[in-house]
Amino acid sequence: MDAIVVDQLTKVFKIPKKDPGMVGALKSLFRPRFDAKTAVDHVSFKISPGEIVGYIGVNGAGKSTTIKMLTGVLMPTSGTASILGRDPHRQRVENAREIGVVFGQRTQLWWDLALVESLNLIARIYDLPADRYKQMLAQFAETLDLNDLLKVPVRNMSLGQKMRSELAAALIHEPRVVYLDEPTIGLDLIVKERIRDFIRTQCAATGMTVILTTHDLGDIEELCQRVLIIDEGRIIYDGPIHAIRDRFGKFREIKFETGGEPAAALKLPRGSEITSRENRVLQIRFDRTQVSASQIAAAVMKQVDVHDFSLSEPNLASIVKQIYNGALDTK
Amino acid sequence: MIRRFLREPPKYFAILSMVPKVFMAYQVWFWVSIVLNAIGMAILYFFWRAVYGSTEVIAGLTLNTTLTYILFAQVFRPLTDIDLIFEFGYGLREGGILHLLLRPINFQAMYYFQNLGTLGVQMVLQIPMALVATFVFGLKWHTDPAVWGAFLVSALLGFTALFFFVYCVACLTFYTTEVWGLGVLFFGMSIFLSGGLVPLAMMPDWLQAVVLAIPFSQALAVPINILTGITPLSEVPRIWLSQGLWVLGLWLVSNLVFKVAIRKVTVQGG
Amino acid sequence: MAEFFRYISLYRLFLVQRLKALMEYRVNFIIGAASTIFLQASSILAIWVVMQKVPDLNGWNYDEILLVYGLITLAKSINHMFADNLWTLGRVYIRSGGFDRFLVRPINPLFHLLADRFCQDGVGNFLVGVALVIKASIALDLAWTPLKLLALIVGVLSGGVIFIALNLLTCVTSFWIVDSVPVTRLVFDNHLFAQYPLTIYPKAINVLLTWIVPYGLASFYPASYLLDRDLGYLTWLAPLVAAFLLFIAYRAWEVGLKHYNSTGT
């Protein structure tokens, strides 16, 4: 059975229209008018138990609205979500027992309490049996290296320490479905690496299902077998990470080392353009759906003396950057 | 401070003119506070009517005089609202004070004019309260310009003295993080000590002495006594003089206190 | 019922942790409680000064007034200690998105909100209230029959619930508007009337404080009962009114929550 089944999930927000000025304010008080904004638009996907899925898109694309519906915080306008067979909103409490959530920017710990006190409280909120809790605490103290932190109040922690603590707090009740929102934001490389390691091993050990939203390509490359890309409320990609390249990486680059400086006016086939030329190095970017590398090479060699040339694969980072810039051509 | 003000007036007027903009953000509060103040006024009004239920004169004051005093004290309550404790306390925490210290401006003068501006705006915002006091609770306004003049000078002197006093107390926030408690404590003290709840004349002598020794009363009870005629005009010059001395003394003390306290910020970085 | 005990024991845990955190700022804890005592002292001092000059206020002497004042302060302190977080619902929780944290946990979000912050400042109010009631009781030489003791407890507890219910009812507006505090204050400040015997006010205010924002049921009526005065029997109405208000307020909370669920604000 799938851990998460999302079917035609849609959320439409009504945004009150405000007319300027006092008269406008009064008018909207008595006859409010609304604009409808579709934040999530008929989204469907299924996630199997144990999968780690990256959920990416620009800010405002509908990521957090989707996550809020999956956690039961928001009620969908239409469509359904089912987490472990439950409706997360209607069965909010039962669902809450099975899920863990890390909101990267907001803490779920008590600011002034020592970490262990916060964890004690959370254990009680989730009704954890005392011995199981002790076991989990010992385990996390080890895997997240929390031993020195347990007595420290959250307000005195560094960003990295806080995130380790957040993870412990979100996972102590052994949730089967976990939502991680920007779990590595603002952390330095070493800490990032540790957190990724922890998530990976934790998933392998417990078989928990993870939805991860992040702006960090490293998170996705190292953790996710599968990626969902959302744009303007719609899922525009659902598949393995390596296939993104084939799907969206339609631009490639070809680099020539030339004998002399190439002539100013170089004739190139359609769908290609020069991106830089200096010190006898010429770089050309081309759209591989319109023109092939050999066609360009032939064209250039006809006009310039070429010593060497190389073809570069599109880099995943630049593709994801394009996705986040919203510059992706999805057709 | 005065010299600097005369030399650089535009700067301080700019500070003054900022205040109404800040207030516009509190539109809702404006309407709500009218109701809240009216509730407070109504309680005092009926309380005092009940007090005079079986007596004509208390401590030489008739019901009319007392009600006039109490209602004026309500209308002119902003005279005692000097918000420096939260300003210093939270401004410091956000690091804003260090920022301000870097600017070529007299710190104390800036806050004085800011609070003076706030007082002006608050008095304008009190107009609805004045109307409620007048038309609901029957407050009678003086027509004698001499009384009003004497009152205004006394109120300004008292406000200034209180400003320097609050300035000293606000410097305490450089030493403690409990800004909220300090603020509430101070506010609680101000309510009684300003003389806004009970006319000074009704207090036992020892209590009157205490109240007069703490500058809250200088900003409210003393000028309102002039306005209601409890203090005759012939006494006014003496009162101005004593208020002037308050201003001078507290100005000196406040500068001293600030000099000591600011070391806590500049030396230890807060 | 098991659920009820679970919440009770959870609350105890929240409370213990909160006190531990407060103990880290011991000075602040004391100043916080002291500040409310000072605030009350101002009003009480004013009453004392005035009552030195006149024998009674509409037939209520100094100690009888202290009893009324003490009862309202006790009821208020219950709200202040256990439900102060309602004030911050909009500003601290909803506006920042922190409220979502309550919704992803398997407990009642309102319980979580209330349990999240026991307010130490209320302890000051509680102590003032207790001191005033004891002082008045001794000075008036009150005869504490079991029924009167019950009336005291019923009055104070119902009063506390009335405070909480009215605050909840008004704080719920923060699901719709940016800042609910003005709305709450509009209702809350009416309790100040109930610091004095309601007989000093005109009829309309009596009706307001008995039937509309029934803070009078927390102070004036129980005091009347303890002093064998007219209308004291209305004390026994207090638990019904409190329960009714709480029911309405909780329904309003559910509607607000539903609105939050569909807009996310």
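Colleague: What makes two strands a pair here?

Modeller: Two strands pair if DSSP finds at least two bridges between them. This is a predicted model, and that rule is applied to its strands.

Colleague: How do you know that β5(A) and β6(A) pair?

Modeller: β5(A) and strand β6 (residues 177-181) of chain A share 5 bridges, in the parallel sense. The rule asks for at least two, so they count as a pair. Within this pairing, A:Gly100 stands opposite A:Val178 in β6(A).

Colleague: In what order do the strands of the open sheet in chain A run?

Modeller: The order is β5-β6-β7-β3-β8-β9, 6 strands with mixed pairing.

Colleague: What makes β5 and β9 (234-240) of chain A edge strands?

Modeller: Each of them pairs on one side only. Neighbouring strands of the sheet are turned by 15° against each other on average, direction ignored.

Colleague: Which helix packs on the sheet?

Modeller: α2(A) does, touching β3 (52-56), β5, β6, β7 (209-213) and β8 (226-231) of chain A. Its direction makes about 150° with that of β6(A).

Colleague: Why are chains A and C said to be in contact?

Modeller: Residues are in contact if their C-beta atoms, placed from the backbone, lie within 7 Å. By that test, 25 residues of chain A are in contact with 20 residues of chain C. α2 (63-71), α3 (92-98), β5 (99-103) and α4 (115-125) of chain A each give two or more residues to this side. Its residues divide into 14 nonpolar, 4 polar and 7 charged.

Colleague: What about chains A and B?

Modeller: They do not touch; their nearest C-alpha atoms are 12 Å apart. Of the 2 pairs of chains in contact, B and C share the most contacts.

How values were computed
Residues are numbered from 1 along each chain as its sequence is written. Chains are lettered from A and ligands numbered from 1 in the order in which they are written. This is a predicted model: local features need pLDDT of at least 70, side-chain atom pairs count only at pLDDT 80 or more; totals for chains, interfaces and linings use all residues. Helices (H or I, at least four residues) and strands (E, at least two) are DSSP runs, numbered from the N terminus. Ala, Val, Leu, Ile, Met, Phe, Trp, Tyr, Cys and Pro count as nonpolar, Asp, Glu, Lys and Arg as charged, and the others, Gly among them, as polar. Axes are lines fitted to C-alpha atoms, for helices over the stretch in contact, and angles run from 0 to 180 degrees between N-to-C directions.
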